[in-house]
Amino acid sequence: MDREILGIDHGNRQMKTANTAFLSTVTPQRQRVKPSNLSQILEFNGEYYAIGGSMEEVNTKIDKTVDDDYYILTLAALATELKFRGKTQAAVRLATGLPPRWYETQMKAFRKYLGRKRELNYRYQGEEFHVYLEGVSVYMQGFAAITDILAETEGKSCLLVDIGGGTVDGVPIENMRPSGAQPIIDNNGTIKCITSVNEVLMAEFGEKAKPYIIEKIMQTGTYAGDEAYLQVIRRELGRYTEYIYNLIKKHGYNLHLEKIIFMGGGASIMQNFGDNKGKDVISIPDIHANARGYEETLKSIWKARQSMGG
């Protein structure tokens, strides 16, 4: 059985691996009968679960160990990434992370939650998967994803702002390490941003936009559609960037002296709609950055251990 180091970013809005992503929704099927359509259906311990429903079904969870949802979502993420790599069985070393605000208090419980079972045999979308879980490593979300650009922060006061689906977390960095300065903790992530945009559309036009459409505009800055609607969406996304910059200032950070690194799903909003002129800003809109960062961190640690052992 091949060994794989596999990173998973357990987002409130999306589950991300290095190469795949799907909405963080899981719906247990009431009847223990094999569904006729196995698309996005996971079978585990005699139960069936529908994975990745609609945006409206996404919920924000502060503690992801309160129920089995994120355990089932982890199995689906393992399957999608292994499938991408051309495998249906592997010995896996799992690398994942938690937001800075919850890292110290939830890390041990989250590691235990994910590592509760070593031998994993299940089906996803009709295909059998066999995983032997060798171990679980939990890192600080955000920081693990920027190791390759930390050199750019040398000698500077830097703020890493991870704008996720449910939360906004800011980690101050000095001398290329997290510092003891005041972190940013906020619950107005991109899910609330999309909800706010739709509230304004309803007020002005009496109609909403699908979250998919708003996300496309967030990511690219444009969309083929009625310009009246697009103007309102772009305006409200611009207001969200103002909210983020005001949040940073409110926590005592000077926007013209700090180096600011935006990442997460909201980084594209800051890149496409933010007033970034005169600011030292780096945006990492790649939603897979955390998962890849977790993988690279664990690979580096594993190689170092092997070198010491050799």
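User: Why is Thr96 called buried?

Analyst: This is a predicted model, and the values are computed from it. Thr96 has 0% relative accessibility. Buried means under 20%, so Thr96 counts as buried.

User: What does Thr96 touch, leaving out residues up to four places away in sequence?

Analyst: Thr96, found in strand 8 (residues 89–98), touches Ile8, His10, Phe110, Leu114, Val136, Ser137, Val138, Tyr139 and Tyr294.

User: What makes the pairing of the Thr96 and His10 side chains a polar contact?

Analyst: The two side chains are 2.9 Å apart at this contact. The cut-off for a pair of N or O atoms is within 3.5 Å, with one able to donate a hydrogen and the other to accept it.

User: How do you know whether Cys158 and Cys193 are buried or exposed?

Analyst: The cut-off for buried is under 20%. Cys158 is at 1% relative accessibility, so Cys158 is buried. Cys193 has a relative accessible area of 4%, so Cys193 is buried as well.

User: How many disulfides does the structure hold?

Analyst: The structure holds 0 disulfides. A disulfide would need a pair of cysteine sulfur atoms within 2.5 Å.

User: Which residues have the most contacts inside the largest nonpolar core?

Analyst: They are Leu42, Ile51 and Tyr122, in a core of 36 residues. Helix 1 gives the most to this core, with 10 residues. Another core, of 31 residues, lies apart from it and includes Ala209, Tyr253, Ile269 and Phe273.

Notes
Residues are numbered from 1 along each chain as its sequence is written. This is a predicted model: local features need pLDDT of at least 70, side-chain atom pairs count only at pLDDT 80 or more; totals for chains, interfaces and linings use all residues. Side-chain values use heavy atoms; hydrogens and water are left out. Buried means under 20% relative accessible area, exposed over 50%, partly exposed in between (1.4 Å probe, protein chains only). Helices (H or I, at least four residues) and strands (E, at least two) are DSSP runs, numbered from the N terminus. Contact means heavy atoms within 4.5 Å. A nonpolar core is a set of buried Ala, Val, Leu, Ile, Met, Phe, Trp, Tyr and Cys residues joined through side-chain atoms within 4.5 Å.
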